[in-house]
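Subject: Structure for you to look over

Dear colleague,

I am passing on the structure we spoke about, and below it you will find my notes on what was found. Please read them with the structure open beside you.

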Amino acid sequence: MSAVIEARDLHKYFGPIRALQGVTVEIPEGLTLILGPNGGGKSTFMKVALGLYKPTKGTVRLLGKDPWRHPEVRKSIGVAFDPGRFPKLTTGREWLEFIARTRGANPDDVEKAARLFGIEDALDRRIDGYSSGMVKRLSLAQAFVGEPEVVFLDEPLANLDFESVAEIVGIIGKWKGRGRSFVLISHIWEPFERLADYGVVISGGKVYLKGEFGEMAGEIAAMFRPPGTDTAQNSK
Ligand SMILES: Nc1ncnc2c1ncn2[C@@H]1O[C@H](COP(=O)(O)OP(=O)(O)OP(=O)(O)O)[C@@H](O)[C@H]1O
């Protein structure tokens, strides 16, 4: 596989808002964590990389292809946004079947993905009756339907209790072990520390840090530490 994402001098403006201002990064296979402050440009980067937004300037390749010109490349990618947006009057099954069709997956994959995230018993209920944890599980199931090569998840651990966090991280680790790649945007990054291969910090529409995750974990931990605390205090 070529790099999952190759971005060169990527800019994205929304009128006067400069959401991305020259992002250059190569996201390799494996598990990549995209971190950074609220409004920094992480989701915009993901949407431009997926070909959902057209870059204002610069280029992006998704699995070696321009996703804007070759939207079919998205068939190899599973995606879950946060918050997940669903047509409320449909059932979980109808929604996952729709996703399976767009990805050219088998309808049997719907049950499989639902079982993976423990929502198989809710599949025939309308999504507007789901709890927020179930909605999160539905959006994760959507990303895994058809076992795509690469899975993009925006805040996969939001709205989950402690046990569920461990369960979801376990599923991601298992799939990574089977050769799947992940691009995760997560403010809750510690549970992924051992799984992450590569890290990118996007802030103010620019790449603030990028590299092998193991080499930048210390810097990232320092960025997320509350002001006024240091390592010595934390270890007491
Ligand atoms: N569709 C849009 N129209 C106008 N402005 C947008 C749009 N999408 C994002 N923005 C703006 O672009 C900037 C970057 O937003 P983005 O959602 O990419 O940040 P983020 O890093 O994902 O933030 P968060 O951690 O809060 O989810 C923000 O100023 C946001 O308001």
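A residue is called buried here if 20 or more other C-beta atoms lie within 10 Å of its own, exposed if 12 or fewer, and partly exposed in between, with the C-beta atoms placed from the backbone. Helices (H or I, at least four residues) and strands (E, at least two) are DSSP runs, numbered from the N terminus. Please keep in mind that this is a predicted model, in which local features need pLDDT of at least 70 and side-chain atom pairs count only at pLDDT 80 or more, while totals for chains, interfaces and linings use all residues. Residues are numbered from 1 along each chain as its sequence is written.

I begin with the strands. In strand 8 (residues 198-203), five of the six residues are buried. Two strands are said to pair if DSSP finds at least two bridges between them; by that rule strand 8 runs parallel to strand 3 (residues 31-35), with four bridges, and antiparallel to strand 9 (residues 206-212), with six bridges. Leu-33 stands opposite Gly-199 of strand 8, and Val-200 has Lys-210 of strand 9 as its bridge partner. The hairpin of strand 8 and strand 9 has two residues between the strands, and there Gly-204 takes a positive phi near 60 degrees.

Strand 7 (residues 181-185) has five of its five residues buried, so it is largely enclosed by the rest of the structure. Ser-181, Val-183 and Ile-185 point one way from this strand, whereas Phe-182 and Leu-184 point the other way. Strand 3 is joined to strand 7 by four bridges in the parallel sense, and strand 6 (residues 150-154) also pairs with strand 7 in parallel, over five bridges.

Turning to helix 3 (residues 108-116), its buried residues are Val-110, Ala-113 and Ala-114. Seen down the helix axis, these fall within an arc of 100 degrees (taken from the directions from the axis to the C-beta atoms), so they line one face of the helix. Just after helix 3, Gly-118 takes a positive phi of about 70 degrees.

With best wishes
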